[in-house]
Amino acid sequence: MDSLTSVVTIERFIMEQERLHPEATGELSNLLYDLCLAAKIISRQVRRAGLTDILGGSGTLNVSGDLQQKLDMFANETVRNAVQHSGRVCITASEEDETPRVCPREEQGKYVLLYDPLDGSMNIDVNVSIGTIFSIHRRVSGQQEGASDRDCLQPGYRQVVAGYILYGSSTMLVYTTGAGVHGFTLDPTIGEFLLSHPRIRTPDVGRYYSVNESNWNRWSPAVQRVVATFKNGDGAVVAKNARYIGSLVADFHRNLISGGIFLYPADSRSPEGKLRLLYEAAPLAFVVEQAGGAATDGRRRILDISPTTIHQKSPLVIGSRADVEFATGILAAPPVPV
Ligand code: AHM
Ligand code: MG
């Protein structure tokens with residue numbers, strides 16, 4: 001039996017963090033508790049995915065053209081329902097919703113929630129890890145004018161919280177408020193997230209490179225050079241092992257803990273890459289920077305990009321600092337004239 005004194009629940013951890021900020025009103029902490037509840041509900045449903053008729057495609061397309069899975073929609077609603085009437089959030093934007101959802105005027109709070117409800121959902125049917133990614137901003141609209149897209153279209157450096165929930169061999173919640181990165185593992189027997197990975201730091205140089213190499217022929221020569229260097233090694237760069245799950249949260253989490261670089265570059269079919277700036281790139285960039293890593297779009301720091309549209313895509317190069325700097329050095333260099 002665990003001694004309760006050595007167990008730090010996420011509630012206790014959040015409360016202790018809040019005490020460090022006497023000006024805090026508790027709203028952000030409560031919003032995090034709301035997300036924990038959503039995470040537990042989604043986790044329970046993911047664990048039962050093979051057993052219930054919720055499994056399988058619903059036959060509809062989301063705004064980016066991917067086939068939506070039923071569990072995607074369940075997760076989407078669960079997160080929205082957990083926060084919508086809390087009085088803590090004024091607007092939510094989800095990868096699965098065409099447009100942001102404005103909370104009822106009288107219930108609009110001071111935070112903005114952006115999320116990818118079930119990232120990697122094409123992996124559900126084959127029992128591979130998936131995840132939820134979230135990003136919280138302060139609202140910028142006034143109470144009078146009401147919440148709008150403007151609240152969602154903020155650069156990543158303005159995030160106040162970002163994190164993800166990984167439904168893997170265990171369910172983990174990892175988040176940052178800008179004071180380091182902390183990971184919690186769900187103990188399903190008591191239904192609590194327990195602090196398991198305090199102050200996560202990612203190695204400066206990674207062991208792994210993660211990229212969908214089937215896109216090779218659609219990449220620029222610069223991207224090909226970066227990937228070939230990670231694969232084969234070259235001078236100061238030691239060859240790495242390849243690891244690619246095809247679930248961003250799972251690939252990102254492995255590289256965060258073990259060290260590595262994940263790339264989803266632009267290619268001739270997807271000139272902006274595949275991943276979404278607001279729901280995927282920016283929150284994970286905040287997490288990785290807080291763990292000592294880096295994230296760019298190949299040229300710019302992800303957190304400095306000002307979004308112009310809700311579902312904007314961005315190339316993503318993210319992970320161990322030295323590896324990201326090496327890749328960005330090549331990708332940002334002007335092309336050599338032929
Ligand atoms: P999703 O948010 O619709 O699930 O799509 C994003 C997923 C990421 O989890 C993953 O990194 C990527 O798509 C994989 O794409 P690909 O199959 O092109 O390698
Ligand atoms: Mg996604």
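**Stop 1: the magnesium ion**

Select the magnesium ion (ligand 2): its donor residues follow the sequence spacing D-x2-D-x160-E. They are Asp116 (OD), Asp119 (OD) and Glu280 (OE), at 1.8 to 2.2 Å from the ion. Donors here are N, O and S atoms within 2.8 Å of the metal (3.2 Å for Na, K and Ca); water is not among the atoms, so sites may look incomplete.

This is a predicted model: local features need pLDDT of at least 70, side-chain atom pairs count only at pLDDT 80 or more, and totals for chains, interfaces and linings use all residues. Residues are numbered from 1 along each chain as its sequence is written, chains are lettered from A and ligands numbered from 1 in the order in which they are written, and side-chain values use heavy atoms, with hydrogens and water left out.

Now colour Asp119 and Glu280. Asp119 sits in strand β5 and Glu280 in helix α7 (residues 277-290), so the pair ties together parts 161 residues apart in sequence. Helices (H or I, at least four residues) and strands (E, at least two) are DSSP runs, numbered from the N terminus. Are Asp119 and Glu280 buried or exposed? Both are buried. Buried means under 20% relative accessible area, exposed over 50%, partly exposed in between (1.4 Å probe, protein chains only).

**Stop 2: ligand 1**

Select ligand 1 next. How many residues surround ligand 1? There are 17, and the closest are Gly120, Asn212, Tyr244, Leu248 and Tyr264. A residue counts as near if one of its heavy atoms lies within 4 Å.

Show the oxygen atoms of ligand 1.

- One oxygen atom is 2.9 Å from an N or O atom in the side chain of Asp119.
- An oxygen atom is 2.7 Å from a polar backbone atom of Leu248.
- An oxygen atom is 2.9 Å from an N or O atom in the side chain of Lys274.

The protein covers 86% of the 470 Å² of accessible area that ligand 1 has on its own. Such areas come from the Shrake-Rupley method with a 1.4 Å probe.

Colour the strands. β5 (111-119) and β13 (260-264) each give at least two residues to the shell around ligand 1. Then colour the domains. Domain 1 (4-197) and domain 2 (208-331) each supply at least three shell residues. Those bounds come from an automatic or database domain assignment.

**Stop 3: two loop residues**

Go to Asn127, in the loop between β5 and β6 (130-138). Asn127 has a positive phi of about 60°, although it is not a glycine. Most residues other than glycine have a negative phi. Asn127 counts as exposed, at 74% relative accessibility.

Finish at Arg199, in the loop between β10 (192-197) and β11 (208-210). Arg199 has a positive phi of about 45° and is not a glycine. At 62% relative accessibility, Arg199 counts as exposed.

Methods. Polar contact = N/O pair within 3.5 Å; in protein donor to acceptor, adjacent residues only side chain to side chain.
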